[in-house]
Amino acid sequence: RAISDNRSVEECMVDALKGSVSNEEPRSLIAIAKMWKKSMPDSEDSVQNEGILLTEKLKAVDYEYRESMHWTKLQRLGSGSYGEVFKVQDKKTQFQCAVKKLPFGCFRPEELTTCTGLTSPRVVPVYGAVREGPWIMIFMKLIEGGSLGQLIKESGFLPEDKALYYLDQVLEGLEYLHEHNILHGDVKADNVLLSKDRSQAFLCDFGHAAHLIPEDLGKSHMPDDYLPGTQTHMAPEIMMGKHWSSKMDIWSICCMMLHMLNGCHPWTRYSSGPLCFKIAREAAPWKEIPVSCNSFTADVLRAGLQKEPSRRASASELRGKVELAQRKVSLKRFGQEKNRASSH
Ligand SMILES: CN1C=C[C@@](O)(C#Cc2ccnc(-n3nc(C(N)=O)c4cc(F)ccc43)c2)C1=O
């Protein structure tokens with residue numbers, strides 16, 4: 001029937017996937033994510049259980065994959081855009097991973113279509129997604145070291161060399177996303193996860209992500225259902241309803257750098273209440289760059305905190321400046337340690 005109706009391959013695929021959970025390829029996950037967008041939650045779906053698992057370590061049983069029956073929650077890890085995140089375990093394989101649980105009505109297909117099939121070592125791998133009644137569960141790799149936001153809270157703030165180290169790694173992830181015309185849309189320390197030894201950083205939470213259509217760049221405004229990210233990290237062009245581009249992520253990652261260095265989000269030390277007018281009208285928050293910063297680190301922040309997107313550095317340009325600043329900062333630190341050693 002499918003082919004005779006001139007239906008797309010994707011539509012045929014989705015028909016075959018409806019109402020069951022199966023282990024399939026990434027393109028099936030993308031197809032069902034788009035199907036979920038079209039189907040609104042209603043009462044008869046209360047026991048609906050359908051989805052796609054991308055790894056054999058998570059095993060659907062008789063085309064079902066249900067909480068408590070096939071996997072169990074071990075502990076709450078944190079909260080993302082519109083959802084809570086848990087450490088979970090597959091009952092059959094004992095494999096542990098993380099799951100973001102969100103209401104079906106808050107699900108955006110871009111949360112899956114933007115991160116499925118990515119191969120960057122700086123992006124948390126997705127393991128699949130399953131709908132259970134009014135909930136969507138998105139499974140992903142467990143990252144044991146917690147979030148960069150939690151590290152900053154524990155430490156108060158980060159030393160310049162460590163902040164530059166994490167900034168470089170997250171910029172590598174942004175370089176990859178922007179090369180694939182993907183906007184992350186909510187870059188901040190809570191959405192950067194750390195390995196157990198805290199040497200590796202990974203980008204997560206594609207709940208605000210969008211596909212950047214190259215021919216649309218510079219023209220289109222945000223799509224109607226676009227979900228803005230964190231206000232303190234929001235680029236001025238969003239506040240002014242102007243064109244959107246990958247440069248939004250660059251503004252946000254520099255706000256994250258200020259958060260690492262100062263221990264607080266930009267704009268929050270000098271004002272309370274809605275920031276949208278302040279961010280749109282006032283100068284970029286260069287005054288929040290610590291005076292103790294190396295001049296090359298300050299250059300990174302000034303290049304990324306340009307109010308005009310066209311004057312703002314790209315991820316690759318900013319990474320080059322970060323790596324120069326890292327050399328200067330580590331040389332300075334090396335010099336200080338040498339002086340300390342020789343004075344003893
Ligand atoms: C690939 N993929 C699939 C869903 C996704 O959009 C997300 C997310 C998200 C949001 C907030 N927080 C976490 N979060 N994940 C973990 C983890 N994987 O171990 C985690 C661990 C924490 F300690 C705190 C928050 C955490 C994950 C996404 O990116």
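I began with F206, where a polar backbone atom lies 2.9 Å from an oxygen atom of the ligand, a polar contact in the sense of a pair of N or O atoms within 3.5 Å. The protein covers 98% of the 610 Å² of accessible area that the ligand has on its own, by the Shrake-Rupley method with a 1.4 Å probe. I note that this is a predicted model, in which local features need pLDDT of at least 70 and side-chain atom pairs count only at pLDDT 80 or more, while totals for chains, interfaces and linings use all residues. Residues are numbered from 1 along each chain as its sequence is written, and side-chain values use heavy atoms, with hydrogens and water left out.

Next I listed the shell, which has 20 residues, with E111, K141, I143, D205 and F206 as the closest; a residue is counted if one of its heavy atoms lies within 4 Å of the ligand. I found that β3 supplies the largest share, three residues, and that β3 (71-80), β5 (96-103) and β7 (135-140) each give at least two, strands being DSSP runs (E, at least two residues) numbered from the N terminus.

Finally I followed the side chain of D205 to K100, which it meets in a salt bridge at 3.2 Å, N to O (a side-chain nitrogen of Lys or Arg within 4 Å of a carboxyl oxygen of Asp or Glu). D205 is in the loop between β10 (201-203) and β11 (210-211) and K100 in strand β5, 105 residues apart.

Technical notes. Polar contact = N/O pair within 3.5 Å; in protein donor to acceptor, adjacent residues only side chain to side chain. Helix = DSSP H or I, 4+ residues; strand = E, 2+ residues; numbered from the N terminus.
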